[in-house]
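I opened the two-chain model to go through it piece by piece. These entries record what I looked up, in the order I looked.

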Amino acid sequence: MSFTCDKQTLDDLNILGKYKPDSIYSLFGGVHTSGGEQLLDSLFRHPLTDPAEINRRSALFRYFQDSVTAFPLDKEPLSVMENYLSTGGRGHWLGSVLQTGWKKLTNSILRDETYSVIQDGLLSTIRILNSFGGFMGRLDADGPYGEQVRKVGALLDDRRLEWIKEQRRFSWFNVARYDHLLRNVLQQEMKTLTDIIYHVDVCVAVGLVARAKGFSYAHAQPKDRNMFRTTGLRHPCLEKAVANPLSLWGDSNMLFLTGANMAGKSTFMKAFGLSVYLAHMGFPVAAEEMTFSVRDGIYSSINVPDNLSLGYSHFYAEVLRVKKVAEEVSGGKDLIVIFDELFKGTNVKDAYDGTLAVSAAFSEYRNCMFILSTHIIEVGEALRVGRPNLQVAYLPTFMEGAVPRYTYRMQEGITSDRHGMMIIENEKIIDIILSEGKVSN
Amino acid sequence: MAFITDSQTLEDLRILGKRGEDSVLGMFDRTRTRGGAELLEEMFRYPLSDAAAIQYRSGIIRHFATAGTDFPFESELFDITDAYLADTDERTKLSRDENTLGSRFNHLIGADTEYINIYKGVISVIRIMQVLKDFLETNGDFDARGHSFAGAANGSPYRADSRATRALLADAALAPLWAEQANAKLSYAKVADYDLLLRFRHRETIKKILRYIYHLDVYLSVGRVAVERKLTFAEAMAGNGHSLLIEGVYHPFLKHPVPNTLLMMADNNVLFLTGANMAGKSTFMKALGIALFLAHMGFPVPAGKMTFSVLDGIYTTINLSDNLGTGASHFYAEVLRVKKVARELSLSKNLFVIFDELFRGTNVKDAYEATVAITAAFAEKRSSMFVISSHIMEAGEVLKERCNNIGFQYLPTHMNGHTPVYTYTLETGITADRHGMVIINNEGILDILERGRQKKIKP
């Protein structure tokens, strides 16, 4: 079964999107080949649910992070080679020779360019094959990537490819022969080889990001362990992000988070969601040490928009979102659920009743893990009673004169910090409204 | 000075829209030419803040809507003309001297595509100009039945445009055009002459004339929509009246909208709106915003009747999302938004401001204090108008004491057994309606969770 993550969650966490700044995809998007990009795309779209497979993949990324410092192939000949091999045809060698001969002839007489395109493609391919062979030769044949190392070695040691090591210039007849060999006879072998190149491309890119950002690899546990633990969790897209520890398990499966505005509640919840998602991909996570048991999916409700065309108000959109999660949870799935400011689109009394009733019902599902935040601190006090599986934590605010300062460090308890009016006063909004034409920045 | 607005407002009201969405622009776009479509979008991007300009445009649209005038041109002609006029390369110019035997033969067998394209271009420009001339003769200073408007005090609202266009057409250089028969074949020499005339020497004149046709396209297209959707033309008032009367305003994207009526003036320039969830607060605010926006374009509005003092701009805040990229929480995003509007207000601009659920991103006490403080400050700006919705009815009670120029309206909810029923019709006062838990229970969320748990315990 695949890992479930719907569009709302992907949007909330800003995961996909090649051209979106700050998306997680663009963070890891430093691949060099179009094939690598497709592979990265499919990794992002299909997180794993098998712990052994996740650990195998993350071990591989770690191996690349430790042993490779840069993508070993030149970009230009590589893209020429991608084009060249992708246009291969099927045919008899005699036909190929005659065709190439004809192209050579038209090239010298009519300056037709198809012959030089073939020649370029061939030469670029030889360059790439040689440098890729050298690169793979330097990797450990018994290491995590050993299987591919041996496969590439065997491919390039093929007797039919002996010529690639020596020659630099070819007669038209040899161009025809080798062109036929690479694009027809060895078509399947070349496909295997380029696939490995794409894979290496992704592994190197991911390893480099992990090294540059100081990410680490999470350890996946079987589902029935039912736990999530990290000694320090931070948001992968923020520079100088503050790390916070977090542990959730069956007997303590719900975290109730409070804090003033801007204290970092949403950021922490997004960081949690992202670490879960990336960990299920086997990707490096922005955490110090992290162990998790695999889940069936993740649902978040952070920025739920209203939808007038369907006649939904903001509040109703939230209700429907919660309903959807309730259906999934009661369907027996093991999920991670994130609710930021549940029912913020309604009045306080309703939000209090709703949050309390819904949270209490959800918390009984010990196989799922929940983080919820709210401004209504009274809910926390009421929820706490008789529920040992509830953790309470807050993000504090300190006042430095009239200016609020945030530590972004989670502490145990429920806070009644509020500094909304102070922020408004600091922005001098009332003064600006009442001032007449004298605006200073 | 241009009417000011920003991207948040355009998105809230869905003025321009994204692909595959309903948008106000899409609703009006029945243009027949590409130039007309571009011009329409330009009008949406730059609404007007001058009463005379608004009245002028709305007068023309109303005139054509009443007359039921059809766009007199064939649309294909404009595609050909666009492509033809776009090519300003001197080397493609036809020359009379090159009419050799060889080229004649090429024309004969139709092999010379360049010539064919120029030929088609020339023909379509001539056709457009001829149709335009006919059209103006019947629709200029005259009404549809050919009676002259000259006797009436105002004349046709289109007469200024019509006269300007006819002045351009009266250029002596264009005189040979009028003699051409509709389907006659032109000789090579004639095509070469026309090509030089239309595409090079008088290119700017032709472009100006086309621009008038694009305007005409927009006017007719909007007029048609006005008739089909039974829209109303708003009356713009210049000067410092600071008033807005809008009767029966509704949201144009809804199938069965409920109309509402609102009156705002300088001594009643703030509307504090309450109501339960789903009672229709946001929809009413969006409808109001759209009507105001359209009115400032001189376009017809989805309302029964509307008179308004022209304002300098409109700002709405309905769907604001947080922005982690710039490090702003939801609450801070709201604060910055209010600050931005505050700056504009302090520049003595007359604005229309809509805030849906001011400060929903914070705790209740803060939201209460902030709503009171900000709304009371807004109320001081008598030349601007504000519509503010809130769930915090207590803020309304305090504001009632403190300010005498705030109007209070609410959208009611009636309970029909366990089902809330909404009238979507404004009533005066502040409501304490709340039915959030009812909605949650009606969706059966707690039942779903309970059932799931029972299932798990049983096996």
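**Confidence, chain A.** I began with the scores, since this is a predicted model. Chain A has an average pLDDT of 87, and 94% of its residues score at least 70.

**Sheet with S5, chain A.** I then looked up where S5(A) sits. S5(A) belongs to an open sheet of four strands, in the order S1-S5-S2-S3, and the pairing is mixed. Strand S1 (219-221) and strand S3 (244-249) of chain A are the edge strands, each pairing on one side only. I noted an average twist of 15° from one strand to the next. Between S1(A) and strand S5 (residues 290-293), I counted three bridges, in the parallel sense. On that pairing, A:His219 is placed opposite A:Thr291 of S5(A).

**Strand S6, chain A.** How many residues of strand S6 (residues 297-301) of chain A are buried? Five of the five are, so S6(A) is largely enclosed by the rest of the structure. I checked the two faces separately. One side has A:Gly297, A:Tyr299 and A:Ser301, the other has A:Ile298 and A:Ser300, and all are buried, which leaves both faces covered. S6(A) runs parallel to strand S7 (residues 335-340) of chain A, and five bridges join them. A:Ile298 has A:Ile336 in S7(A) as its bridge partner.

**Positive phi, chain A.** I looked at two residues here. A:Tyr408 has a positive phi of about 60° and is not a glycine. A:Tyr408 lies in the loop between strand S11 (403-406) and strand S12 (411-412) of chain A. I find 19 other C-beta atoms within 10 Å of A:Tyr408, which is partly exposed. Buried would take 20 or more. A:Lys428, also a residue other than glycine, has a positive phi near 55°. A:Lys428 is in the loop between helix H15 (420-426) and helix H16 (429-434) of chain A. With 13 C-beta neighbours inside 10 Å, A:Lys428 is partly exposed. Exposed would take 12 or fewer.

**Chain B overall.** I list 16 helices and 12 strands in chain B. Of the 459 residues in chain B, 43% are buried. I also looked at contacts in chain B between residues at least 6 apart in sequence: 75% of them join residues at least 24 apart.

**Six-stranded sheet, chain B.** An open sheet of six strands has the order S6-S7-S8-S4-S9-S12 in chain B, with mixed pairing. Strand S6 (313-317) and strand S12 (427-428) of chain B are at the edges with a single partner strand each, so one side of each has no neighbour in the sheet. S6(B) pairs with strand S7 (residues 351-355) of chain B in the parallel sense, over five bridges. In that pair, B:Thr317 has B:Phe355 of S7(B) as its bridge partner. I then looked at what packs on the sheet: H13(B) touches S4, strand S8 (385-389) and S9 of chain B, and its direction makes about 145° with that of S4(B).

**Helix H14, chain B.** Which residues of helix H14 (residues 393-402) of chain B are buried? I find B:Ala395, B:Gly396 and B:Leu399. They cover an arc of only 100° around the axis, which puts them on the same side of H14(B). The face turned away from that buried side carries the exposed residues B:Glu397 and B:Glu401. Strand S4 (270-275), H13 and strand S9 (406-411) of chain B are among what covers the buried residues.

**B:Pro259.** I located B:Pro259 in the loop between strand S2 (244-249) and strand S3 (260-264) of chain B. B:Pro259 is partly exposed, having 16 other C-beta atoms within 10 Å. Leaving out residues up to four places away in sequence, B:Pro259 touches B:Gly248, B:Val249, B:Tyr250 and B:Gly304. Its C-alpha atom is 8.2 Å from that of B:Tyr424, which is 165 residues apart along the chain.

**Interface.** Last, I looked up the contact between the chains: 53 residues of chain B are in contact with 54 residues of chain A. On the chain B side, the elements giving two or more residues are helix H11 (281-295), helix H12 (330-346), helix H13 (364-379), helix H15 (436-442) and helix H16 (445-457). By class, I record 23 nonpolar, 15 polar and 15 charged residues on that side.

Conventions. Residues numbered from 1 in each chain as written. Chains lettered and ligands numbered in written order. Predicted model: local features only at pLDDT ≥ 70, side-chain atom pairs only at ≥ 80, totals over all residues. Pairing = 2+ DSSP bridges. Axes fitted to C-alpha atoms, helices over the stretch in contact; angles between N-to-C directions. Contact = placed C-beta atoms within 7 Å. Nonpolar A, V, L, I, M, F, W, Y, C, P; charged D, E, K, R; others polar. Arc of directions from axis to C-beta. pLDDT = per-residue confidence, 0-100.
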